[in-house]
Structure formats: C-alpha cells, structure tokens
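Subject: Handover of a structure

Dear colleague,

Please find below the structure that I am handing over to you.

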Amino acid sequence: MSDIPKLNDLEEDLLKELFNLGVGKAAASLSKMVTQEILLSVPKVEFAKSSAMIELLDSNESIISISQSIHGPFDAKSILLFPEHGGMEVVRQMLGSQLSDEAIADLHEEALSEIGNVVLNACIGAISKSMNTIFDVEIPKFNQASPENLLQASNLLDGDTILLININMKLKDSDIEGYLAFVFSSESLKKLQGSLTQLINSLS
Amino acid sequence: MLTTECYSNLVNNINSGIIILNSEKKLLHWNQWIQDHSQFELSNYTNHLLTEIFPDLKNSRIEDAIESALELGLPSLISNIFSRTPFALYNPGNFNVDKLNDDRIQQAVNISRIKVDEDRVFCLIQINDVTASVAREKNLELQVKERKEVESSLLKIETRQRAIMQTMIDALIIFDSNGFIDSFNPAAEKLFGYSENDMMGDNIAFLIEEFSGVKELRESIELMFELGIIGKTKECVAIKCNGSQFPVDISISEIELGNEKFFSAVIRDVSDRKQMDKLKKDFITTVSHELRTPLTSIRGSLGLLCGGIIADIPKKALDLIQVANNNCERLIYLINDILDIEKATSGQMAFEFKTFNLKNLVEQSIGNNASYATQYNVSYKLIEEAKDLAVDVDEHRFQQIMSNLLSNAAKFSIPESSVDIIINFQNELVEIDVKDYGQGIPDKFKENIWNKFTQADTSTTREKGGTGLGLAISKTLTEAMHGTISFTSKEGEGSTFQLRLPLAKNKTM
C-alpha cells in the first residue's frame, strides 16, 4: 500500500471544495432537466487502489458505470459508478414512478449515460477551471458489469491508483450512494499532484 | 485529403442535422437536413447567434452545453428522455404553419467541440430525428400498461371468485363435460370428506348415487340431462368418502367458456330438513290416529243420543247434544283430511282405477251432496254438453273431489241460487265445471287457494265451516289420477272450478 499517495488535509479540502463545486453545478443541471430538486454532495475524497472501489460498492448485483476519458495536461479516466438498483432508482426518481419496470429497464442506459455525462462534465469542468486548462473530453461510455468484471470492463488494472470521490445523491424519495473515480496513470498522477501543489501555493 | 466541396457534400447527405457554430456561438454552417426540417435558408442566418435563430434555446440545456463545449471542451449527450424537442424542427413532409410544439420532431442531440487549429475551436451540434423510435417505445409502453391492467383486473376477478368459492356455505363442485372435477371448494371437502387434491380429475359420478353405475364416465352428463338435473334443483343421494349416504339438494348449471363446456354443481346437505319433515309427518299421523279412536266412540255415543236412544232427554239438553254431535263430525272430517293429505303427498295412498261413465259418477256426486245443498237453500243443476264420456278413476277419490267442489259451491252460493255442473269434452280431455253464482274469490287470495289450511277469510271458517284442506286434497288427488284442477272467479259474480281428466282408454262401457 506504500505506493498509494496520501492527500494532506489541505489537498483534501481543496479537492472536496473543487468537486462539491462541480457536483453542485451538476445538481442544478439535473434539477432543471427533471424540474425537481436534486442535491449532490461530496463528503469524502481519497486516493485508493482500484480494487477498493469494488469493496466500497460491495454489491451482489451488477455495477453500472459511465465513463469519460480525459486528455490534456494529464490523462485520466473519469468514472461514475452506481450499484444496479441505485442506478435504476435514479432513473425511476428522475423519470417519474408512473413508468413500468420494463420502461425503466429500456431507458436506463440512455438516461444514465446522460446523467453521468452531466455529473462528469461538471466535475471535469471544475478541475479544468481551477487549473485554468482545457482537456479534450471523450463522449460518455455506458457499461454494466458484475463486480468481478468491473475492472476489466473499465480497462483498469488491479493496482491502478484512483482518486475516489464519494457522491451522495438526494432525490425526492431516496438517498442514493454513488462513487466518482478518477483513474490516473502514475505519470498523470504526478502531474495532478504537481498541479495541486501549484494551486495551493497560488492560493496562499 | 478530401476537398472542402467533398466535405460539404458529405455533410449535406448525412441523414441527421449538423450545425456548426463559431466560438462566439454564431452560425457558421448547417447542412441540408437542418434546412429541410427548419425551412430556414442558411444564407439568411449565417453569423447569427443560434439563440436568435431558435429563440426557445435561450437558457436551455442546449445553450449550457454549447458553452461547456466551447469553454471547457466538454461533450454533451442530450437524449430525448429529458429534452424531447429542443429545436424548432418539423417533419418536412407535413410542415405545419402553426408550428406547434407537439408537431416538432423528437430529437436526440450531441454537442461537442472541434478544434480546427491552435487558435480556433468550433462547436458541433448533431441532431438525430428519433420520432419513430419514440413512438414505438410509447406504443410498447402502452401495450405493457394495457396488458398489466388486464392482468391485474383478471387477477382481481379471480381472487374475488376464489374468495366466494372458498367461503361459500354450500358445496360447489366445478366439472367438465366428461364429469371430471376441476374445482372442489372447502365446503365440498367438508361435506364429502375428500380434499380438493384427492378429487381433482376424479369424476363427479363417484359422489352422487344417481350417477353411479354408468358404464362410461361421459354418460354421467347425459344422465344428468335425462334426470333433468341441469338448470334445476333436484334431490339426490350423495356418497361420503367413508361410503355413507346422505340426501342432498343438487343444482347443476352449465357454464360455457369459449369452446369448452363446464358445469357447476351446488350441493346442500338436506339430512336435517328430511329428518324434520319426517318428524313432522310422523307427529301428525300419530296424533291424528290417536285422536280418531276416541272420537269414533264419542261420535257413536252422540249419534245414538241424537237418534233418541234414551227417552225423556229434555229438549234443551238434546239441542246441546246436537251441537256436540255436529262439531264431533267436523272434527272427524278435519282429522280424515289431515290423514288424507299426508298419505297423498307421501305417495302412500292407494288408487283403484276403474272405467266409469262420467255422467253416472257426477249424478251420484250430486245425489250425495243434495241434502247438504238444501241446508244453504241451493240446488244443483247438471248440464251435459257432451255425452257418453268415460273416465279411468278411483271412484271413492273422485267422489271425494266432487264432494269438496260441490259443497264449496253450495256453501259460498247466494241462497235460492243454483250451482251448475257442466260436463264437456275439449282438447282430448273430459271437463267437469262446477259453477256457482256466489260471492267469488277475492283476488289477493287466489294465489294461495291451493295451499293447505287456507280460506279466504278466517272468519268464514266459523260461519261456513271446513278445514281449509279440501282444495289442497282435491288437487293432490286429481293429479294422482292424471288430471288437473283450476278455477276462474270474479268477486261478486261467482266462481267456476274446472276438473279435467283424460278420457278413458277403453271408451266402451
């Protein structure tokens, strides 16, 4: 575990603020899309091994992921993850409960891709803005896989380091736990840490 | 490398909308598809802000997405789920002048940034027409919804029917046209002692004595039709699982389900009722017999006293004895009537059929009742409209019926009037009409006239005498002799009772 970098308090606060800003914007967009209040918050940001992601989701069912790759000053892959029932619940809450289970099942891929796109864009946008840079961002990819196959399906290695962002989603009748993961190559990770330090220095 | 013209051709031939904006969100180009679906001429709009061309995009997600793409390079998928018709685009085939929101094509939009060179970025908006697939999905959703509604209403009906079957007090057995049992409710389980599982697929014939002994199971249904059970309530003997038999009322109805025919049998144990009936009959018979024995000797003694066997009975005492004698006679009639009706209804009465000349029989009846009629100052008049008629009857019972009709007629006649007895032959039946010109039968009483112990006015029982059993007995006796009895009556004008009997098979006397 020694190769997993640890965020110091300042770095964690900064990232939390950054992502809260991002998801806050995403929440506003989502609320506007479905004309109901949706609240998103980021209670926790940490570095972890990619395998930790699976433990956190601790799911017997499949996991839904929406990912967008980022290229620019550093390369990364941003992934939004929901346990299957959580993802379905998001769709049900956002589309209205009068829809049948069959309709939800038909629509969930398209709907979650779009929701994921909004959340990921907002977070990536927040990072871009704070670092004053522009990334090339790919369009979202939807994936649904069992926990064992999640890493493979997301093109990840067991030992990859990820920046794991806990996202809490509050919809009218339910609280849904999701995760946002930024996956970096070791080189990109260094660049990110460098950018963070630079940012902190510029602030202080 | 492709030429610009070639690109332009390519873009124009794509079957979706392409809009390219410059970094100031102003229109650079759109393809033929957009022109067809908006009916806006490209040349009129180049270098206009997109929100000027499509004003309802202001503050929309499209505008946000364009901004994100241009500023931060973020691509946006705007599916049809959350934004159905963001652009004012219409089907080129039926362009509506009103341009209603509902007429717009259903859209799915992708917005992204394209980097032309180091300094220049454009925004690419791609619009797909998803009207057809949305309609298909909607249709599918509707079908699913309808199917679910049908399913849930069927389920409700089934649950309700099941509940009714389960909680019915009477046994309910449903079986198919071969007699095979399809459903056997808890009351049936309790009544027969079999469980529903035991009986599924077994035949109804095992449960009912009357159906047993059929060679083929199919015959049981035919037998049911023969027995006239279908659509009626019939008394049968049922067999319990331990082999014991008990009386039941069974009502079978036919149910048609599509091409299949089912039958439902509602079965009620009538052991208790039968027991009560028997007790009642036994009681009446016993009481009547026990009463008759002492009455016979009382009548004998009273008769002798009235006949003057003892001289010197004071006139006042003799009058009282006469009253006692009359009432004793009446009591004997009543008891005989009760015994008769019990015998007749239980089928214990024996009939001795012989062929008689009708006129002779009727003349005899008139003779028997003439003195009774004299009491009421009424005379009988025989009118023979058909001659030489013969009937097969039990003479004694026939006279009993005629006595009843003739005495009733006399009793309810106006004094000095006559009672007409008309013999006739119509519709292959012998008719005897007994017609009086008395007070007639009140309308409200007509439907009860054949019931036991009924008279129009309870007070007349005292004035006119009688048990109220006469007509009930007459009807039972007539039917036992294959005849019918009926009446017509008008209040204040009189009544006619008509006795119809079959003509004797051997007409020659």
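Across which strands does helix α12 of chain B lie? Before the reply, please note that this is a predicted model. Helix α12 (residues 358-375) of chain B lies across β12, β14 (418-426) and β15 of chain B, and its direction is at about 170° to β12(B).

These strands belong to an open sheet of five strands in chain B, with the order β12-β14-β15-β17-β16 and mixed pairing. The edges are taken by β12 (379-384) and β16 (484-490) of chain B; each has a single partner strand, so one side of each is without a neighbour in the sheet. From one strand to the next, the twist averages 20°. Within the sheet, strand β15 (residues 429-435) and strand β17 (residues 494-502) of chain B run antiparallel and are joined by seven bridges. One residue to look at is D433(B), whose bridge partner in β17(B) is Q498(B).

Elsewhere in chain B, D272(B) is located in helix α10 (residues 271-306). D272(B) has 9 other C-beta atoms within 10 Å; a residue with 12 or fewer counts as exposed, and therefore D272(B) is exposed. Between D272(B) and P247(B) there are 9.2 Å in space, C-alpha to C-alpha, although the two are 25 residues apart in sequence.

Turning to chain A, its secondary structure consists of six helices and seven strands. Read from the N terminus, the elements follow the order α-β-α-β-β-α-α-β-β-α-β-β-α. Of the 204 residues in chain A, 39% are buried. Among the contacts in chain A between residues at least 6 apart in sequence, 69% join residues at least 24 apart.

The largest nonpolar core has 83 residues, and those that touch the most other members are F19(A), V23(A), V119(A), C123(A), I165(A) and A181(A). Helix α4(A) provides the largest share of this core, 11 residues. Leaving aside residues up to four places away in sequence, A181(A) touches M53(A), I79(A), L81(A), I162(A), L163(A) and L164(A). There is also a second, separate core of 37 residues, which includes I401(B), L405(B), V434(B) and F497(B).

Finally, the two chains meet in a contact that takes 24 residues from chain A and 18 residues from chain B. On the side of chain A, α1 (9-34), α4 (101-131) and β4 (136-137) are the elements that give two or more residues.

With kind regards

How values were computed: Residues numbered from 1 in each chain as written. Chains lettered and ligands numbered in written order. Predicted model: local features only at pLDDT ≥ 70, side-chain atom pairs only at ≥ 80, totals over all residues. Contact = placed C-beta atoms within 7 Å. Helix = DSSP H or I, 4+ residues; strand = E, 2+ residues; numbered from the N terminus. Buried ≥ 20, exposed ≤ 12 C-beta atoms within 10 Å, placed from the backbone. Core = buried A, V, L, I, M, F, W, Y, C linked by C-beta atoms within 7 Å. Pairing = 2+ DSSP bridges. Axes fitted to C-alpha atoms, helices over the stretch in contact; angles between N-to-C directions.
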